[in-house]
Amino acid sequence: MKELLTYIVQSLVDHPDEVSVTERKADGETILEVRVADGDMGKVIGRQGRIVKQIRVLMRAVAQKKGKKVSVEILD
């Protein structure tokens with residue numbers, strides 16, 4: 001799932017080489033933390049958070065199919 005999220009975010013930004021996704025576990029849930037270049041933050045979040053919301057929906061659907069729980073966080 002980390003690879004899928006990395007691919008999606010790299011497709012959206014101007015500086016794909018600066019995208020990093022880290023994975024950590026907490027309370028039986030996988031948390032995927034995304035870091036991007038400062039100028040690319042808006043491209044990942046989108047107007048009124050629409051893009052990041054859809055990324056979260058997609059990742060939850062993939063995780064649910066595998067019987068897991070996942071959440072996506074965008075970090076500064």
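**View 1. Order of secondary structure along the protein chain.** In this predicted model, the elements follow the sequence pattern α-β-β-α-α-β. The protein chain thus holds 3 helices and 3 strands, taken as DSSP runs numbered from the N terminus (helices H or I, at least four residues; strands E, at least two). Residues are numbered from 1 along each chain as its sequence is written, side-chain values use heavy atoms without hydrogens or water, and totals for chains, interfaces and linings use all residues. Local features need pLDDT of at least 70, and side-chain atom pairs count only at pLDDT 80 or more.

**View 2. The largest nonpolar core.** This core has 17 residues, of which L5, V9, V34, V36 and M59 touch the most other members. A nonpolar core is a set of buried Ala, Val, Leu, Ile, Met, Phe, Trp, Tyr and Cys residues joined through side-chain atoms within 4.5 Å; buried means under 20% relative accessible area with a 1.4 Å probe, protein chains only. At least two core residues come from each of α1 (2-12), β2 (29-35), α2 (41-45), α3 (50-65) and β3 (70-75). Of the 76 residues of the protein chain, 34% count as buried.

**View 3. Surroundings of V36.** Beyond its neighbours within four places in sequence, V36 is in contact (heavy atoms within 4.5 Å) with V9, V13, E18, V19, M41 and V44. Across the protein chain, 54% of the contacts between residues at least 6 apart in sequence join residues at least 24 apart.

**View 4. Dimensions of the C-alpha trace.** The trace spans about 35 × 20 × 20 Å along its principal axes.

Key
Buried means under 20% relative accessible area, exposed over 50%, partly exposed in between (1.4 Å probe, protein chains only).
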